[in-house]
Amino acid sequence: MHTTELDPTLSNTLSGNGQPGLSLVIGNKNYSSWSMRPWVALTAFGIPFHEVRVLLDMPDTAARIADYSGAGRVPVLVAGEMTIWDSLAICEYVAEQFPDKHLWPADVAARAMARSVSAEMHSGFPGLRNAMSMNIKASLPGRGRTTEAQGDIGRVCEIWEECLSRFGHHQFLFGDFSIADAFYAPVVMRFKTYGVSLAPALQAYCERVLAHPAVARWVREALAETEVAAKHDDDLPK
């Protein structure tokens, strides 16, 4: 456990507004793509939180997660008496609590599209998830290319191309880094692990995501983990 606090003045802001401190319950950084999304979003925008890491595939994993949420999954955000146990709901809650941080794009059309592509990532792409699970430490070029995964890769590329051309101005999906980029950051990790070939503009986008301080920090800490989740490793494509 440790505290992530890029902007210490926000602690005083929280106290001054009567808002409780935030605790984010996550899984192993090497494997937990759902945990990565809100962690990256909060870290990228300098929102302080206390990190609670629950190791996956351990005898006490279910019991430890149940201490925070009956849903039985990470991530979970604890905010005083409230518990938010879904990655998109966590990001929406934080965006509401810190409107001055602009976690979503300010432009109405861009914000609507950002929410749409984030929701699509949240609810879709089963082929990509099943065939190419996130494992930051692994290098598996060419593996996991099921028909379903290839279809999902194509759809992700369509989304990125449209967002970057309409709103991104060759930076992040909507210009400035947003929740949408945090939601696709685990896909960037997958594309790197499995050596997915991309058009130059999309590869450049992936490099910008990887270089973002919040993403780079998650990757560093994932690479430093010594724990292994055997089931997750066993599920990697051979």
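Residues are numbered from 1 along each chain as its sequence is written, and side-chain values use heavy atoms, with hydrogens and water left out. Because the model is predicted, local features need pLDDT of at least 70 and side-chain atom pairs count only at pLDDT 80 or more, while totals for chains, interfaces and linings use all residues.

Let's start inside. In soluble globular proteins, nonpolar side chains tend to be buried together. A nonpolar core here is a set of buried Ala, Val, Leu, Ile, Met, Phe, Trp, Tyr and Cys residues joined through side-chain atoms within 4.5 Å. Buried means under 20% relative accessible area, exposed means over 50%, and partly exposed is anything in between (1.4 Å probe, protein chains only). The largest such core has 73 residues, and the members that touch the most others are Trp 160, Phe 174 and Tyr 184. Its top contributor is helix α8 (residues 179-193), which gives 10 residues. Helices (H or I, at least four residues) and strands (E, at least two) are DSSP runs, numbered from the N terminus. Apart from this core lies another one, of 10 residues, including Val 25, Val 52, Val 74 and Ala 229.

What does Tyr 184 touch, leaving aside residues up to four places away in sequence? Its partners are Val 117, Met 121, Phe 125, Val 156, Ile 159, Trp 160 and Leu 173, with contact meaning heavy atoms within 4.5 Å.

After the helix comes Phe 125, whose phi is positive, near 60°.

Now for the cysteines. There are 0 disulfides in the structure, a disulfide being a pair of cysteine sulfur atoms within 2.5 Å. For Cys 157, the nearest cysteine sulfur is that of Cys 206, 8.2 Å away. For Cys 163, it is that of Cys 157, 12 Å away. Cys 157 counts as buried at 14% relative accessibility, and Cys 163 is buried at 0%.

Finally, the loops. The peptide bond from Val 74 to Pro 75 is cis, with omega near 10°, and Pro 75 sits in the loop between α3 (61-66) and β4 (76-79). Asp 57, in the loop between β3 (49-53) and α3, has a positive phi of about 60° although it is not a glycine. Asp 57 is partly exposed at 33% relative accessibility. In the loop between α4 and α5 lies His 102, a non-glycine residue with a positive phi near 55°. His 102 is also partly exposed, with a relative accessible area of 49%.
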